[in-house]
Amino acid sequence: MLRLAPVLLVVSIAARLAWTYLVPTGANFVDLHVYIGGAQTLDTPGALYSYVYAEQTPDFPLPFTYPPFAAVVFYPLTLLPFEVVAFGWTVGIMAALYGVVRVSQRLLGLAGGRRSAMLWTAVGIWTEPLRSTFDYGQVNVVLVLGVLCAVYSSRWWLSGLLLGLAAGVKLTPAIGGLYFVGVRRWGVAVFSAVVFFATVGVALLVVGQQARYYFTDLLGDADRVGPVGTSFNQSWRGGFSRILGADAEYGPLVVTAIAMTAVLAWLAWRALAAAPGELDRLGLVVVVQLFGLLLSPISWTHHWVWVLPLMIWLLQGPYRYLREARLLGWGWLILTLIGVPWLLSFAQPSIWEIGRPWYLAWAGLVYIVAAVVTLGWIAAVRLRFPGGRRSCRYRAP
């Protein structure tokens, strides 16, 4: 199979491009339209957060929901024809996906493995987080790559710069700061905060009042980001909202679930940190990111790109010899290739209607339950193998 990896990658890329450009419903790039449309409003002072894109989504006009610094970053794209940007964006996501795989492997200490990375990329293109990323023209793969590079780099200033810039474009990567605090890379944690606040300062200089409006009035407004109850929202808040038939907000159920997840993530962290040998950096950052996905008010399926590094860790990482690790790794792969939240979306009356039959509501917990089971297994594996059967040497596949 590895010998055919280059061919499979070319076929996978060609098939994705064909799906995008030859199938009428292949891709609409609605989020990319929002990025560029929001950036274009910089020419009109005060218009950034009143902008909406509704050409392809009349039932759900899409506002610009990102930090104002993102509009500054995306502004150069407004100088090019949209078709050129969309094609380059698609190819760039594929390149970033390959980068995510390679950095994940290097964090595991795998030497070589280019053909293995090609195979992971060829398959990863068709997992649900990547399918929705390509369809909407999302930026999450690039942000995941930035965070992984920050974890991989031994230079405090580069790690801090990458994490701070990623958080300045989209707030979700900021959870990565917990990793650097946990491994006591204090310089990275502090400098990433400095860089993030520098992005806020740049935004204040460029958009002024709109930046203040975002960080005072809009920050935390989940309703503005999108329908909390849609099956595409795989966070605790989304899961409980579908079961209750109304927005659960951060009520007792959600807060309790998040608190229990925090404890579980902490136990998983301790289990990996206590293992003998070199620090398991990929495993630790994946634990943090899984917690962040469940904590967030909205975790769209395209936010779950982190399951690809997770699968690499399970199937090629320190516990790859354990049957449970292989079952979890293949389970995640099958789950994301099928795309259960995507299938469930066809059964919901509309993206705004939260109520649904009980069996559809409970089925909508699919990624949430899988993440909790994964964290639980990581937390428990050291209890099962106190002698530390962890392999510290890796052989390139």
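What is the volume of the second largest pocket? The answer is about 250 Å³. The structure is a predicted model.

## The second largest pocket

Ten is the count to start from: the second largest pocket is lined by 10 residues. Leu-119, Trp-120, Leu-315, Trp-330 and Leu-333 lie nearest its centre. By class, the lining holds eight nonpolar residues and two polar ones, with no charged residue.

Three helices each supply at least two residues of this lining: H5 (114–124), H16 (307–316) and H17 (323–338). H5 gives the largest share, four residues.

## Helix H7 against helix H8

Two packed helices are described by the angle between their axes and the distance between the axes. For H7 (residues 140–152) and H8 (residues 156–169), the axes come within 8 Å and cross at roughly 155°. Angles over 145 degrees count as roughly antiparallel, so H7 and H8 are roughly antiparallel to each other. The crossing of H7 past H8 is left-handed.

On the H7 side, the contact is made by Leu-143, Gly-146, Val-147, Cys-149 and Ala-150. H8 contributes Ser-159, Leu-162, Leu-163, Ala-166 and Val-169. The residues of this contact of H7 with H8 divide into eight nonpolar and two polar, and none is charged.

## Helix H8 against helix H10

H8 also packs with H10 (residues 186–207). Their axes come within 7 Å and cross at roughly 40°. H8 and H10 are therefore oblique to each other. H8 passes H10 in a right-handed crossing.

From H8, the contact takes in Trp-156, Trp-157, Ser-159, Gly-160, Leu-161, Leu-163, Gly-164, Leu-165, Ala-167 and Gly-168. They meet Gly-187, Val-188, Phe-191, Ser-192, Val-195, Phe-196 and Thr-199 in H10. This contact of H8 with H10 has 10 nonpolar and seven polar residues, and no charged ones. Ser-159 and Leu-163 of H8 are listed in the contact with H7 and also in the contact with H10.

## Helix H7 against helix H15

H7 has a further partner in H15 (residues 281–295). The axes of H7 and H15 come within 10 Å and cross at roughly 135°. That angle makes H7 oblique to H15. The crossing of H7 past H15 is right-handed.

Val-147, Leu-148, Val-151 and Tyr-152 of H7 make the contact with Arg-281, Leu-282, Val-285 and Gln-289 of H15. By class, the contact of H7 with H15 has six nonpolar residues, one polar and one charged.

Asp-135 is found in helix H6 (residues 128–136). Which residue lies 110 residues from Asp-135 along the chain, with a C-alpha separation of 8.9 Å? That residue is Thr-25.

Neighbours within four places in sequence aside, Asp-135 is in contact with Arg-16, Trp-19, Gly-26, Ala-27, Asn-28, Phe-29 and Val-30.

Definitions and conventions: Residues numbered from 1 in each chain as written. Predicted model: local features only at pLDDT ≥ 70, side-chain atom pairs only at ≥ 80, totals over all residues. Heavy atoms only, no water. Axes fitted to C-alpha atoms, helices over the stretch in contact; angles between N-to-C directions. Parallel < 35°, antiparallel > 145°, perpendicular 65-115°, else oblique. Left-handed = near helix turned anticlockwise from the far one by under 90°. Contact = heavy atoms within 4.5 Å. Nonpolar A, V, L, I, M, F, W, Y, C, P; charged D, E, K, R; others polar. 1 Å grid on protein atoms, 1.4 Å probe; cavity = no way out; pocket = protein on both sides within 12 Å on 5 of 7 lines; lining within 4 Å. Points joined across faces, edges and corners; volume = space filled by probe spheres on them.
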